[in-house]
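Open the structure in your viewer and keep the selection tool at hand. This tour goes stop by stop.

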Amino acid sequence: MKRNISEVDNTSNKKVKTIHQLNDEEAALYDRQIRLWGFDAQRRLRNSSILIVGGKALSNEVCKNLVLAGVGSLTIIDDENVTVEDLGSQFLVSKKNVGQNRAKSMKERLVKLNSSVKINIISDSIENKDTSFYNEFDVVCVTGKPLESLIKINNICRKNNVKFYSADVHGIFGYIFCDLINHKYIEEKNIKYGDDTKTKQYEKSEQYSSLEDSLKYKFPSDMKLKRFLRKYSSIYFLIYTLLQFQKNNKRLPKYISEDEENTEDLNKLKEIRDHLFKKYDINNAVLNDESLSKIIRNAGMEILPICSVVGGILAQDILKVISQKELPISNWFCYDGFTGDGVINKLI
Amino acid sequence: MDRLSNLRQVLGKKLLEKVENSKILMVGSGGIGCELLKNLVMSGFKNIEIIDLDTIDLSNLNRQFLFQRQHIGKSKSKVARKSALEFNPNVNIVAHHANIKDPQFNIKWFKSFDIVMNALDNLDARRHVNTMCLAANVPLIESGTSGYLGQATVIEKNVTECFECQPKPTPKTFPICTIRSTPSAPIHCIVWAKNYLFAELFGKSEDNDEIDEEVTEENNKEIENLKKESQALKELYQYAGTPEYSEKVFDKVFNQDINRLLKMENLWKTRTKPTPINTEQYKKALEINMDVDEDKNDSKIKDDQKIYSIEENINMFKECLELLVQRQLKGKKIDPEFSMSFEKDDDIIMKFVAATANIRAHIFSIEQLNRFKIKEIAGNIIASIATTNAIISGIIIMDAYKILNNQLEECNTIYLTHDSSSNVFVKEFLAKPNPRCAVCRKSYFVLTINIEKFTLNDLLNKVLIKPKDNNGLGLNGDITICEDQRILYDFDFDDKLNDTFSKVKIEDGKYLNITCDDDDKMYNIMIYIINDSSLDKDFILEGDSTSISYILPPEPEPEPEPEKTNKRKHSDGDDANNKKHKVITVDIVDDDDKVETVLLD
């Protein structure tokens, strides 16, 4: 059961932190999860420090999951205020918080979930933070930011050897990207001998690429449609198109109504798609016009069931990274809540 | 702009309206339940009833986030309601702190919901809700999680498989000889300590559900011997409370019984021989280590992870046995029938089971486990985390949207896998009902009568035999009427035919099971009784008599499982991934529940 693995050193350039050991109280509280990932992983969680950028519904889900799991400290940064619409999907805030800072408003309920997690709130813009700010964290997870910010933060994290995630929910769609640089992890395999099970461990590592590079991934241009779709999720292209649209127009596509199509935005989306698809000779059926008008309807909308799924997968992946057990997402997760497809694509 | 703006844009006005007007029943407010209730109140649902009989425990709090420390010991459903209302005060939640099997949760009540969502942790309640939903014809969303794995599916009568269409794996049992004579793995020693030694010394020895006592020709004689062995252990009870009791018990199970086994030489031809521990060694161990009051020095967490020496285990055995005997003697003074059952959260019992399991492991040269692991195995503890429950409960809401939007064909059985390679979810089309299913191929009817007036004869002649075109069920063949196991009527038992329902105690809310054997076909009907004393006619029969279908007899032999043809795989799944989900098609339980828990492998 108990084994000695040397502390895999992913954090060489960090300040040496005091290691907190688990006490009996924590062992009892976390019993049902320690049985899943072990004492060692729980101790790593207990000593971890995570930054979440953005405080909307997806962030609510991720924060809830991380706090329940018992991470050491969680820092939330958001410079925006709670709106009335936010109340529809952000269960960590309430009516009295409307008009107040989002990150600050989340704290009250988060603290109640697990008092042993240190929760720091920063009601400032992440863009105002300098490079050294990121050094504090083991993992940085960015939600609700446009592409340029994502790339900028990702590159800073890369330089500082900090694991980076970006994720968002757009209506029924959601995505997770991660750049874990060079991630070392332990893979476990259970081997059965009659009624006895033994666990074997293997040390492995995975090389990641930056968001900027991943978006330049060269798709094979001579693949048949079916095979292409088996290898690459069409939801990735949907997210790609959306991120590029936002970059070009400094805003998300705008939905008009159930009866009226926003043809102007639709055409802009088509242009982005066509440009990429022509470059690699990708069949338009991978992302048809109908799908593009679906993005317009879903862009920027957060509904909780989808946040619950994506936030669950995202938080679990962050826990995986911290506990250095098993291969995390490599490197895109794309989700369509209507079809129920959730696919991992490796675009490295 | 308002609270519902995002939902309105994504779902559309029409669907959102349906969602707002729907009435949902959520059964269970534990792991999945907490996440699901949060999702429900934040996803447009306005009328929700929840039910759970459980109270809150410390080990729930790592995932059941509607509960906090100050709620320990309180009703799960009531606290869940209160916490969820803080997320959205504009919804109506009715909370029942009760068992879903209670009679007030009858078919009329089930019929009042548009969708039932199961968030349960045990087979028995799942089966019950499945039957009720079939009888009430209400769609059911069934779900389960275990560790990183989870699943959700939709059950609709006559359209999809029901919960019982596929046989459920039976809990793992071990052959009695493996447990009692030839253990070879740590689990065999744990089952021995818990289900044999502890049960024989302190419990009612008949609760042996993990040991398979099937008698075959070969083991016939050995089982006889084992029975004698148990009897001899029981007879030692006359020494209970005396200073020599522990020594006698120890000598019996770890010396004499082992020596008896050693005499059966053929057992040890291919196995390592066990090494008994005699009284001398036992006494010596006690001398060496007189004081193992562990709590003085170390924390529980360290002790639980420690592998003890044989001497320490022997000391632990003596100490715990004496404490348990004191408890037993005290209990028997008040009630001669007093017995104890295994309780994983009782430290003394747990230490006793762990120590004796490890002494036995030592004797048989089997790897010893620490107490943390032994507790998990003996207590059937299922690991459980918030993220899996959150993911599955998000999927449940999406299924509910599709059901309300009349898009059942878009629903799938979805499995959350623990595989980082490509598909996080594996989807299967909803399968058609199994024509041999004895649960969903049954026809369900509701019969409203005045139980003081209506007789069994009325039921037979005015309802069952009467032709279909004359408002009857048109059954033709040998009819048997039962209530549970009680036969009320069959072709050679018609004494009660003229009795009223009230006289045969078939009251409001009871079910009658009717079978009609038509030589080559078997019809199975369930009739649910509603009593209405002011009824102005003989009876009202609700249900579709044209839908009565016969049940195929069970298959003689289960086919060696081919690729299930009725479950077409979605094209995007590569084979490696499809194989994975089979691991989790066992019934999944969310919580640290009782004996019915299936041991996952």
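What follows is a walk through a predicted model, with something to select at each stop.

**Stop 1: the domains of chain B**

Colour chain B by its three parts: domain 1 (5-169 + 384-429), domain 2 (184-365) and domain 3 (443-551). Now look at domain 2 and domain 3 of chain B: their C-alpha centres are 54 Å apart.

**Stop 2: a buried glycine**

Select B:Gly31. This residue belongs to helix H3 of chain B, residues 31-41. Is B:Gly31 buried or exposed? B:Gly31 counts as buried, because its relative accessibility is 2%, under the 20% cut-off.

**Stop 3**

Go to chain A and select A:Lys216, A:Lys218, A:Lys247 and A:Lys279. Together they make up a surface patch of positive charge. Pick out A:Lys247, which sits in helix H8 (residues 234-249) of chain A. A:Lys247 is partly exposed, at 37% relative accessible area.

Return to chain B for a patch of negative charge. Select B:Asp478, B:Asp517, B:Asp519 and B:Asp520, which gather on the surface. B:Asp520 is in the loop that links strand E14 (511-518) to strand E15 (521-531) of chain B. With a relative accessible area of 64%, B:Asp520 is exposed.

**Stop 4: backbone exceptions**

Some background first. Most peptide bonds are trans, and most residues other than glycine have a negative phi. The next selections depart from that.

- Select A:Ser330 and A:Asn331. The peptide bond from A:Ser330 to A:Asn331 is cis, with omega near -5 degrees. A:Asn331 lies in the loop between helix H11 (304-323) and strand E9 (332-336) of chain A.
- Select A:Lys250. This residue is not a glycine, yet has a positive phi of about 55 degrees. Find A:Lys250 in the loop between H8 and helix H9 (263-280) of chain A. A:Lys250 is exposed, at 62% relative accessibility.
- Select B:Asn380. Here phi is positive too, about 50 degrees, and the residue is not a glycine. B:Asn380 sits in the loop between helix H15 (371-378) and helix H16 (386-404) of chain B. B:Asn380 is buried, at 7% relative accessible area.

**Stop 5: salt bridges**

How many salt bridges does the structure hold over all chains? There are 56.

- Select A:Glu187 and A:Lys189. Their side chains meet in a salt bridge of 3.6 Å, N to O. A:Glu187 is buried at 18% relative accessible area, whereas A:Lys189 is partly exposed at 44%.
- Select B:Glu322 and B:Lys318. The closest N and O atoms of this salt bridge are 3.3 Å apart. The two residues are four apart in helix H13 (residues 310-334) of chain B, so about one helical turn separates them. B:Glu322 is partly exposed at 30%, and B:Lys318 is partly exposed at 26%.
- Select B:Lys462 and B:Asp458. They form a salt bridge, with the closest N and O atoms 3.5 Å apart. Both lie in helix H17 (residues 456-464) of chain B, four residues apart, about one turn. B:Lys462 is partly exposed at 29%, while B:Asp458 is buried at 16%.

**Last stop: a network**

Finish with five residues from chains A and B. Select A:Asp31, A:Arg32, A:Arg35, B:Lys373 and B:Glu376, which are linked in a network of salt bridges.

Technical notes: Residues numbered from 1 in each chain as written. Chains lettered and ligands numbered in written order. Predicted model: local features only at pLDDT ≥ 70, side-chain atom pairs only at ≥ 80, totals over all residues. Heavy atoms only, no water. Patch = residues over 30% accessible without salt bridge, like charges linked within 9 Å, V, L, I, M, F, W, Y side chains within 5 Å. Areas by Shrake-Rupley, 256 points an atom, 1.4 Å probe, with all protein chains shown as cover. Salt bridge = Lys/Arg side-chain N within 4 Å of Asp/Glu carboxyl O. Lys, Arg positive; Asp, Glu negative; His and termini not counted. Charge placed at Lys NZ, Arg CZ, Asp CG, Glu CD. Buried < 20%, exposed > 50% of the residue type's maximum accessible area, 1.4 Å probe, protein only. Domains from an automatic or database assignment.
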